[in-house]
Amino acid sequence: MDDDVQRFSNTSSRVFGIIGIVVAAAVAIQVLTSADPSYAGLALTVFLAALVWSAMLRPQLSLDRSRLVVRNMLSTVTLPLTAIESVAVRQVLVVFAGDRRYTSPAVGRTRRQLHRDERGGPSGGGGGMMGILPNLPSAPETPETAKTSYGLFVEERIRSRVADALAQAGIKARSAQQARCAEDITRRPAIAEIAVLGASLVTFVVLALV
């Protein structure tokens with residue numbers, strides 16, 4: 001794994017996620033310290049906290065020189081950059097690789113941001129489902145927030161890294177060689193999150209019916 005790793009996530013979702021976890025922790029403490037603790041209520045609180053974590057805090061993108069790691073609510077997909085055929089950030093991130101579509105809510109753009117970027121974005125709009133071009137210019141190291149949205153910055157950064165990876169590997173975009181790179185795409189379930197969500201929900205249902 002390369003040392004040059006960039007991570008992207010939805011800042012507003014993370015703020016609300018942290019608030020949700022803090023509230024859930026406060027509720028759990030109140031339930032445990034009450035004279036007659038409701039264990040069904042505690043199980044429900046744990047379920048909701050796990051749901052907030054999975055939906056708002058877990059989603060993240062990690063980008064290095066060779067791969068894009070898409071961490072979603074209940075799974076993590078690792079895509080070799082050389083396998084990526086197109087990428088766009090609209091309401092969510094959309095990546096096409098190996099004739100399959102991968103999405104992530106970790107980064108997105110509002111309608112207002114899309115219109116603004118189309119008027120004045122550095123790449124003449126952004127957001128289109130275009131193939132990666134080998135001569136794509138490098139994206140800036142930091143987003144120009146006064147001119148473009150964070151979502152467009154992430155889109156251009158991924159495109160730039162993909163273009164570099166294709167050029168270094170000598171692979172042409174949308175070629176049979178690129179299609180073979182898609183065989184290295186992996187998907188791993190978020191076992192810890194799935195286990196906590198399932199166990200807490202089952203516990204709540206059982207205790208609520210007792």
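1. A nonpolar surface patch of about 520 Å² is formed by Val-15, Phe-16, Ile-19, Val-23, Val-27 and Met-56. Patch residues have over 30% relative accessible area and no salt bridge, with nonpolar side chains joined within 5 Å; a salt bridge is a side-chain nitrogen of Lys or Arg within 4 Å of a carboxyl oxygen of Asp or Glu. Helix H1 (residues 11-33) gives the largest share of the patch, five residues.

2. This is a predicted model, in which local features need pLDDT of at least 70 and side-chain atom pairs count only at pLDDT 80 or more, while totals for chains, interfaces and linings use all residues. Residues are numbered from 1 along each chain as its sequence is written, and side-chain values use heavy atoms, leaving out hydrogens and water.

3. Val-23 lies in helix H1. Its relative accessibility is 47%, so Val-23 counts as partly exposed (buried is under 20%, exposed over 50%, partly exposed in between, with a 1.4 Å probe and protein chains only).

4. The largest nonpolar core has 28 residues, among which Leu-61, Leu-68, Leu-79, Val-95, Ile-158 and Ile-185 touch the most other members. Such a core joins buried Ala, Val, Leu, Ile, Met, Phe, Trp, Tyr and Cys residues through side-chain atoms within 4.5 Å. Helix H4 supplies the largest share of this core, six residues.

5. Beyond neighbours within four places in sequence, Leu-68 is in contact (heavy atoms within 4.5 Å) with residues including Leu-61, Leu-79, Val-95 and Ile-158.

6. Asn-72 is located in the loop between S3 and S4. Asn-72 counts as buried because its relative accessibility is 14%.

Methods
Helix = DSSP H or I, 4+ residues; strand = E, 2+ residues; numbered from the N terminus. Patch = residues over 30% accessible without salt bridge, like charges linked within 9 Å, V, L, I, M, F, W, Y side chains within 5 Å. Areas by Shrake-Rupley, 256 points an atom, 1.4 Å probe, with all protein chains shown as cover.
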